[in-house]
Every structure is written in structure tokens, then in C-alpha cells.
Amino acid sequence: MHSVIGYWASGVTAPGIVVMPTGTGKTETMLALLVAARPERLLVLVPTAALRDQIAAKFESLGILHAHQIVASGVMRPVVGKLQHGFHDAADAAAFASACNVMVATPHALQACESESRDVLLAAFSHLVVDEAHHAPAPTWSRVVDAFADRRVLLFTATPFREDGRPVPGRTIFRFPLREAQRDGYFTPINYRAVLSLEDTDRELAKLAVGQLREDRAAGLDHIVMVRARSIARAKELGGLYQALAPDLHPTVLHEKVAARARRAALAALEDRSCRIVVCVDMLGEGFDLPALKIAALHDVKKSLSPMIQFIGRFTRSTSASSTIGTASVFVARDPSVALSPLRELLREDADWDTILHDITERATASVEEISDFEASFTDAPEEVSVTVLEPKMSAIAHRAPGRTWTPERALEVYGEGRVLDSTIAVNTTSTVAWFVVENRSEVRWGAPQALEQVTYELIVMYFSRTRGLLYIHGSNNTSDYRELAQAVLGVDCRPVTGMPTFRVLGHMERLIPTNVGLLDSRDHFNRFSMHVGSDVYEALSTADRQGKSQTHIAASGFRNGEKTTISAALSGRFWSMQTAPNLKAWTDWCDEQGAKLTDASIDLASVMEGFIFPEDLTERPEGVLIAAEWPWPLFTGNGPGPQISFAGTTYSAVDVALEVADHSPGGPFRIRLTTPAWQIGYSAVFTVNGLTYSPDALDGHVRSGIHEYSLEEWINRNKPTLFLAGDKMITAEDRLLAPRKDLDPFDRRRLIILNWAGVDIKKESQTPTREPDSIQAYISAHLQQSQEFDVLIDDDRAREAADLVGMKIDGDELVVTLVHCKYSSEPTPGGRVADLYELCGQAVRGAKWRQDHLGPLLNHLDRRARSFRARTGVSPFEVGSIEELYRIRELAPQLRPRVHTVLAQPGLSASACTEEHLRLLAGAETYVHALTRGTFTVYCSA
């Protein structure tokens, strides 16, 4: 409380943030502040109606202050108003506010007011207190906080960090660490158990929770189980499970669509203990007080760290007044979808929550405070703009510094104090970053009225890297080279990085596809500049030198360390990406990455541009053998089940429907099969006036995507597959051909690895669930286990496989992933049949996509497939390791660098019989795979 009063007395206008763990007296602190500071009129903002009623009641009675005689028994209590609905008349709003000392409201109730009434209501209060302030960045909350910009604002929260990265607005002025709260006895110890099963995690978790409840009741403890579900449908499913396991405990289901009468009956049953198990969908949350809730069964964990900690905090509050309330128990399903999130430490099987809970909250809170400190370390920032709202585009111009010093404040000399907002250059005192806002005035473009001017504001950010001797300048207008600014800040001897060296930012990229190019013609003064996009880019670049033209800029997309990215550069010195920086730190990191290339004289620009892949618009089928087809990548990275394809009464998710090549002819229609364990649908694709058009060969399926339904033919023409042709050629969904500009060198025959396939039926590819030892898959699995180590080796051999076998090994700071693709021979003896390689190379190029997004989609895929394999066959898919080991890898993956090893196994291929066609086919597959994975490529064959 002293910290708050002192902060208010300091004159700082930013909202103050008070961080206190759940259950440590946030409301009581508000009451003490009311008595000590005596605000003229106080507005308290809370997230829910339940919390509104609870806090209003405490303000009416002065709660613990009165109960413990901290205030005199005869003290006057405040008049407390509860805003339960919106005002439509401003006079009514004013009268209500004037009758209150304290008003407690939800953002929803304030939003329901008419605009004038809301303005009158907010203007009537001198102070604002926000509870559960991690909600504050949300629009309905931030509008209220912004309305109090000229008054005192206090934000209370247990978790000041948000998973979306948006900051809680204000400065932390007091923090009560969870470690101290635990030491002071505010929280009971936690009996924690993480549950993970390859078979039925829900049933195992439910049995543990019910068993704990029976054990606690036998010990005389008055405990209740809360079961958390993510959706209403899921709650009903879990309700049935608990009803089957413990009908005597009368499980009930609560969610927002339960009728009011039934909801009241359920709450009454919890109160009188005729119900001991409640299954909830985001119910009984903030503001609900039932100490007997001491057993949590989290079948579906909250996806964000902050709500998860808040949720668990409710179960661990100390209730020393009651001897029938004991230690909290928490059972959590180890959810693979959060294994890569900050929750992963909480969800470890061996997690010590008594230690980890406070460690995580303190690290996360420290991170927030680091951002707050970063903001506070900027001197003289303009009042109208906070550094936390700055989101500059990833763009900059670099200037070489003559020395290691800079004077960012001299920017005022360039623009003049009258044009710089608040005449202020915000300089970070702990790092070499500065920013300011310039007001630009110009005549309106639509006429010449003398009384009107067009006013725009330009953000300028500067970052001086002493390591590389570069000053990076970002301007939101993108219209200046900022040479005068750089000379003022660095000295007149600084030099801009312009001309061809700027194009070095295109270096160290794979499969660069120029998307637009600008050309400048030094001889044609009437047509000096031209812009070229799409297929026209090739003509622009290929004729530029011949016709005396130079590239003014090149914009391209490609792969950097296996991740898709964009990068552009101009002769003027500007370089940029299509991304927006979430904060200034992200922008400076990006500048450092580009600066490393700008200063790298070993980057050969001629080689970079020779490696460009130019898109060619297709109107007819190109020659070449189709080796693979693949669904659009967003299907693999989206949330939820995705589109569902139905045929013959059976439905599969699109990501579980394989696209197989039905015809390897070099000409004619492209023919593919959509394949599942239950059905196949043949499709052909030919060029029409609408581009490459797909049509079913016979009966068609249908697709449900969200709330929409389509025929399969309509849907597949809206979501065209990517087609891969031999020779590293690709046809995109936009009917563009991407192909190398020159023929690839053949695969080096000496790199073919000959194995002794004795005892293997080379016409038998899959080991099947019975693990047939004479199959190619079983043989290569045994060979790899003998020649290298795996933490996990998974059989993924079936429709929509990532590979027939997927191996993973943590090696130092690397995660080594081995994708093994096997193919049977069309004949019982090895030979030179090129057809035996087509599908195998197609599998390899399809498998390369899994390197993207830091292997996240691959890890999701393997977890899902492992469970479905066990459910379908009754056999574990793990050749090495277990579901627990896979989960451990998922937890550590964010800290590891991926390294991908692609293995092709085809005993039907004879190394001695390989022709140049075989080797060029392998070269095309390796080129594509290497570009996407930056990994190795191995081919096993026969002699």
C-alpha cells in the first residue's frame, strides 16, 4: 500500500501494476487503499459478474479490515454500486455515479452503455482499480484504462504475463513473489501427477482422480473433484466416463448452456455435498469461492500459462480455518499440443509443482518486468506514444560508422524541435536504440485549399551495432535514405550501404524465388523505370544486362535454415521483409541477422542470382514424370480437425487422405488417387481455360470444411495440390511451374550404399503390425538400429505417413531426425527399373516439408499417429522408445536445432544397373530435400 501511495505521489502518469498471487489478499489491499488514500470516487473493473458481486460485498462490509478491527467498528462504510447493465440515459448514469463512493463493474456492462452515458459514467470517477489486469490489453478493457489517462490507475494481477506477448499497460510498482507466498503459508503443498497413456489417458486420469477423492474422504476430508474440459461436447463425454466410474458420487456437468434452474441445482448439490464431482467448461472460475474444490482433474489443460497458474492457484489456497480441508491434488493429462509452450515444465511427469510453480511465475514475471524496465530505460519518451505499442516493419537502411560512438539526440538538429513530437528523442540508456516521431505537413493532394494541410506522423527507429559498426535506421514512410540523420548521429564520415552490396541480404537462402523486380533504364529517358512481377520477372532479370538496365530492387521468397521467409533489397540501400516486428527487440535482432550478411564479402551475388528459380505461368502440361502430389501446407499447420472428406459412408480428415500418383507417364493428364484404408477415388487433371482443373474419374466424394460443404471436385479445385515432377520441378496451386534454370548434375553413383538384403522379400515393403521380419521396413529398421542410436524410432507406415520410419535422437544441442522411406521392388530381383524410383523419390520430396515450423507439425503428427496406430492394431508403433520419450523430445525441441537425415531404401534398385536417368531422378529429389531441410541424403540399394 505504501508503494502505491508513493507511486501516486511521484507524479508518474503510467498505470501502476501490483503483482500478487491468487489468494494473497488483492481485494483486502484494495480495501486498505480505499481507507488510507480516500479517493473521491473509485471505479473497480472486474472480469465477471460473480467477481463483481463478491468484491462489491467486501467493499460494503470493509471485509477483513472490519473483522480484525483494523478500522473502528463505527467507521462509515462506503456506498457501493454494482453496474449490472448498461445505461441508455446520461442523466441516469450521472445520478448513479454521484450516489456511489465505489462502483464495481465489468467491461461488458460498461460496453452495454450508450456512448454518452458511458463517457459521463467514466468521467465521474477519480480513481480506477482493475482486478485480474492481465485482461487489460483486450479492447473492451483498454478503452476503460485509456479513459483514465489523466487520472490514477492501479492494476492488480497474479500473472502480469500474457501468451500473446501483448504487455499489460503500466509499470510494476510492487510484486509479492509466489515463493514468498508459499513460504508464508498462503498455499498448501500440491500432490501432482502427470498422466500420459498410449491407450486411454482420459480413463487413467479419471480413475486416479476418483481414487484420490475416495482416499481423502476416508481420511475425513471434505473434498470435491473439479474436472476441466475444453468444450461442451467434451464435458458430456467426460461426464459419461465419471458416471460409469463413480455413480455414487453423482457427477454433474456445468457449462454456459446449462439452464439457470439446472445450474442452481448443481451448485446446491455441490454445497450440500450430494455431488462430489463437477465437470466444467470454463465455469466456477474467477470469483467463485468453494474451498472444498481440492482435487483438479485436467483432461484438457488451459493452453496459456497465465490462466493455468490462476486455475491451479485456486486449488492450492491455504484454508487453515477448516480441519476438513487438506492438501490439493492435481492430475493433468500431458497434452502434446502444449509440449512446446511455457506450460511444458508444469506438465512434466516428474514435475515438483511446489518448486516449479513459483520458478515459472517468477521467470515469466521477470520477463514482463524486463520489458517494463526496457520501456522505462528510454529517456524522455513522448507522452502520446509508449514504446510497448511500437511495431515497426522489418525494414532498415544501414550506414557504416567511422567509430564506436553515436549521439542520437542530435536527430533534433535534423528535424527541428517543432516537428519532433514533444521535441523528444527516446534513447535507451542500457542499449544503443533510440526512436522518435516526426510530424510531416503537406498540401492535400485533391486540391489547393489554403486552409487545409495533410498531417502524417512518421516513426523513426535507430539501432547502433558497435560490433559491426553499422547504424540501422527504420522509417515508417520508407521514402528517405536518412543520410543527413546518419551524419548527425555518427559524424560526417559515415557512409551508407547502397548499391549491389545491399543485395547480400539475399545470400544464404535456398530456393529463392524473385516475386517482383524493378528495372532502371539509363538510356531510355521516357521509360526509365519498370516493374516486373510473376513470370515477367525472368524476362526482366535475364535481359537486364543485355539491354543496359540495372535492378533497382529485388523482392524474393525462399528458405532460410529450413524455414520459409521473405527478403527484399534495393540499390538505394533499403532492405526489408514482409513481416512486422512485435517489438523493438525483435526488430534489432532482425537487423543483426541482415547485418551479418551485409558485411560478409564472401557472398557471391552472381551465384545468388544464378540460383534464382523463376515462376512460369502454365497453360499446358509441361513434360515430365509426376512423382508426387501433396495437399497445401496450411492443412498440416491449422488448428482443429480440418476439412473432412467423405466417400462411401466413411469420413477421414484431409490430412489422413493420401495423394498417390496413379500414372507416371511423361505426358497426358496428371492422374492421382485419393487413398484411405476404406476407399480410393481416382482424379485426373488437365489444363482448361480455368487453368489446371481436377475432375473425378468416376464417383465423387464430398467435403465438410467448418460450416461449409462442397463436392470433392469443387473443394480440390479450390485447394489444388502441389505437384512434384522429376528433375526438381514443381507445379504450385497457382498453376506456376518452378524449375531449375539448368539441368542438375546427376547423383554421384559412388554415394549409393549397397546392403546385403539376404532373407528379405524385396517385393514386400511393409512389416505390418505383425512385424514381418522378411520385409524391407523390418530389415532397414534393424540395420539403422545397429548403425546409429535413437531415442525414438516410430513405425509411421500407412496412408499419409511422414515416412515409413521416423527416428529421433537428441545429440547435444541438436535434434537429429531420420526420415526413412522404403519401397518394394516391382520384380523379385534387383535391376535398373526407373519406375521403382518414382514413388520413392516422391515420398522423399513430400517428407521434406516436415522440417518447417521447427518440426512442430511433425511432432504433432507423430503423437496423433502413434495413438491411432495403437487403437487400430493393438500394437505399439514404437520400435525404440515410448510415448513418454516422444513427449520428452517435444518438451526439449524448442531449445534444439533440427538436423534432418533423409534415407531412401530400395533393394529393387541395382547400383550397377543405374542409368543417368536414375541418377538425375535422385539428384532432383536430393536438391529439393536439401533446400528445405539443409540435411543429408542417403540411398540404400542392391549391388
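This is a predicted model: local features need pLDDT of at least 70, side-chain atom pairs count only at pLDDT 80 or more; totals for chains, interfaces and linings use all residues.
Residues are numbered from 1 along each chain as its sequence is written, and side-chain values use heavy atoms, with hydrogens and water left out. Local features need pLDDT of at least 70 and side-chain atom pairs count only at pLDDT 80 or more, whereas totals for chains, interfaces and linings use all residues.

The chain contains 26 helices and 45 strands, taken as DSSP runs numbered from the N terminus (helices: H or I, at least four residues; strands: E, at least two). Of its 943 residues, 53% are buried, that is, under 20% relative accessible area with a 1.4 Å probe and protein chains only, where exposed means over 50% and partly exposed lies in between. Among contacts (heavy atoms within 4.5 Å) with a separation of 6 or more, 71% join residues 24 or more positions apart.

In soluble globular proteins, nonpolar side chains tend to be buried together. A nonpolar core is here a set of buried Ala, Val, Leu, Ile, Met, Phe, Trp, Tyr and Cys residues joined through side-chain atoms within 4.5 Å. The largest such core has 59 residues, and Leu674 and Met808 have the most contacts inside it. Beyond its neighbours within four places in sequence, Met808 touches Phe790, Asp791, Val792, Leu815, Val816, Val817, Leu858, Leu859, Leu862, Leu886 and Ile889. Another core, of 41 residues, lies apart from it and includes Ala426, Leu470, Tyr472 and Val497.

Two of the helices that can be followed next are α24 (residues 856-873) and α25 (residues 883-892), whose axes come within 11 Å and cross at roughly 165 degrees. Axes are lines fitted to C-alpha atoms, for helices over the stretch in contact, and angles run from 0 to 180 degrees between N-to-C directions. The crossing angle therefore makes α24 roughly antiparallel to α25; angles over 145 degrees count as such, under 35 as roughly parallel, 65 to 115 as roughly perpendicular and the rest as oblique. Leu859, Asn860, Leu862, Asp863 and Arg867 of α24 meet Ile883, Leu886, Ile889 and Arg890 of α25. By class, this contact of α24 with α25 has 5 nonpolar, 1 polar and 3 charged residues, with Ala, Val, Leu, Ile, Met, Phe, Trp, Tyr, Cys and Pro counted as nonpolar, Asp, Glu, Lys and Arg as charged, and the others, Gly among them, as polar.

A further pair is formed by α23 (residues 835-847) and α26 (residues 916-933), which pack at an angle of about 10 degrees with their axes 9 Å apart. That angle makes α23 roughly parallel to α26. Leu837, Tyr838, Cys841, Ala844 and Val845 of α23 meet Glu917, His918, Leu921, Leu922, Ala925, Tyr928 and Val929 of α26. The residues of this contact of α23 with α26 divide into 10 nonpolar, 1 polar and 1 charged.

Helix α16 (residues 483-490) has Leu485, Ala486, Ala488, Val489 and Leu490 as its buried residues. These pack against β15 (393-400), α15 (411-415), β17 (433-442), β18 (454-465) and β19 (470-475). Gly491, with a positive phi near 120 degrees, follows α16.

Finally, a loop position may be considered. Thr676 lies between β31 (670-675) and β32 (680-688), and it counts as buried because its relative accessibility is 7%. Leaving aside its neighbours within four places in sequence, Thr676 is in contact with Tyr652, Asp656 and Val657.
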